[in-house]
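Hello,

Here is the structure for you to look over. My notes follow below it.

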Amino acid sequence: MYNLPEFKEQDAALVKQFITEHPFAMVIGVSGEGLPVATQIPVLVEERAGKLFLSGHMMRKTDHELAFSANPNVLCVFSGAHAYVSASWYSNPQQGSTWNYRSVHARGPMRFLDDAGLIEVMRRTSLHFEGGNAASPTAYDNLPKDYTSRLVKAIRGFEVDVESLEHVFKMSQNRDQESYRNIIGKLREGDSEAQAVAKIMEDGEERLFTK
């Protein structure tokens with residue numbers, strides 16, 4: 001991860017808000033044989049007693065379940081909208097083009113849960129992603145018992161104790177205001193990802209240029 005100060009968000013609450021709003025994390029680890037493994041998993045982000053925890057579940061007897069059983073160290077990568085930025089949009093175009101993006105890396109040990117812990121994770125996760133609607137037919141407590149009993153045998157719940165949280169929010173903060181505004185204008189003409197980046201830059205312009 002590029003640890004450049006100009007691309008850091010000083011408000012820690014906004015970094016935590018980002019991972020809550022982008023919960024489909026790339027969960028990365030290393031097997032006992034030293035081979036990389038990765039899978040994308042929706043995770044529930046919770047803060048307890050000033051500590052950050054990530055919880056979710058994964059299928060049993062897969063490469064990632066075997067890897068994390070042997071080596072519990074995990075990297076969870078959260079990412080959002082991203083877009084190519086052409087140097088031709090700068091006030092001085094004689095330099096390299098780049099990419100705007102936001103990414104957060106959460107590291108810590110993964111702990112597998114027992115069946116009771118798995119059920120609690122599924123209950124809280126389903127309720128969270130159903131917008132708190134306990135009456136939803138897909139909320140865990142409303143699923144058929146024969147289905148959930150099979151489900152518990154097929155998946156494992158986990159919790160990650162986040163020991164470090166790093167981020168890059170690279171949104172052309174190192175450009176002059178003329179270039180910054182021109183980048184926004186060009187991105188507005190792009191696809192949905194580019195337009196989303198333009199909106200993020202628009203929202204941050206006042207704070208960036210009124211210091």
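Charges to start. The protein carries 23 positive and 28 negative side chains, and the centres of the two sets lie 2 Å apart. Lys and Arg count as positive, Asp and Glu as negative; His and the chain ends are not counted. Each charge is placed at NZ of Lys, CZ of Arg, CG of Asp or CD of Glu.

Before going on, the ground rules. This is a predicted model, where local features need pLDDT of at least 70, side-chain atom pairs count only at pLDDT 80 or more, and totals for chains, interfaces and linings use all residues. Residues are numbered from 1 along each chain as its sequence is written, and side-chain values use heavy atoms, with hydrogens and water left out.

Overall layout

The protein has six helices and nine strands. These are DSSP runs numbered from the N terminus: helices are H or I with at least four residues, strands are E with at least two. The C-alpha atoms fill a box of roughly 65 × 45 × 35 Å along the principal axes. Of the 211 residues, 41% are buried. Buried means under 20% relative accessible area, exposed over 50%, and partly exposed in between, with a 1.4 Å probe and protein chains only. The exposed surface comes to about 11,600 Å², and carbon and sulfur atoms supply 52% of it. Areas come from the Shrake-Rupley method with a 1.4 Å probe; for residues, only the protein chains shown count as cover. Among contacts (heavy atoms within 4.5 Å) between residues at least 6 apart in sequence, 70% join residues at least 24 apart.

Rings

A search of the whole structure gives three aromatic pairs. In one of them, the ring centres of F18 and F169 are 5.2 Å apart and the planes are at 55 degrees, so the pair is tilted. The pair links distant parts of the chain: F18 is in helix α1 (residues 12–21) and F169 in strand β9 (residues 164–170), 151 residues apart. Both F18 and F169 are buried. For the cut-offs: rings of Phe, Tyr and Trp (its six-membered ring) pair if their centres lie within 6.5 Å; planes under 30 degrees apart are stacked, over 60 edge-to-face, and the rest tilted.

Two charges also sit over rings. R48 lies over the face of F53, 4.0 Å from the ring centre. The charged end of K170 sits over the ring of F7, 5.6 Å from its centre. The test is NZ of Lys or CZ of Arg within 6 Å of the ring centre and within 35 degrees of the ring normal.

Positive phi

A49 has phi near 55 degrees, a positive value in a residue other than glycine. A49 is in the loop between β3 (44–48) and β4 (51–59). Its relative accessible area is 86%, so A49 is exposed.

S172 has phi near 60 degrees, also positive and not a glycine. S172 is in the loop between β9 and α5 (177–188). At 3% relative accessible area, S172 is buried. Leaving aside neighbours within four places in sequence, S172 contacts N100, Y180, I183 and M201.

S179 is in helix α5. Its relative accessible area is 1%, so S179 is buried. Not counting residues up to four places away, S179 touches W89, Y90 and S91.

L143 is in the loop between α3 (115–129) and α4 (145–154). L143 is buried, at 18%.

Best wishes
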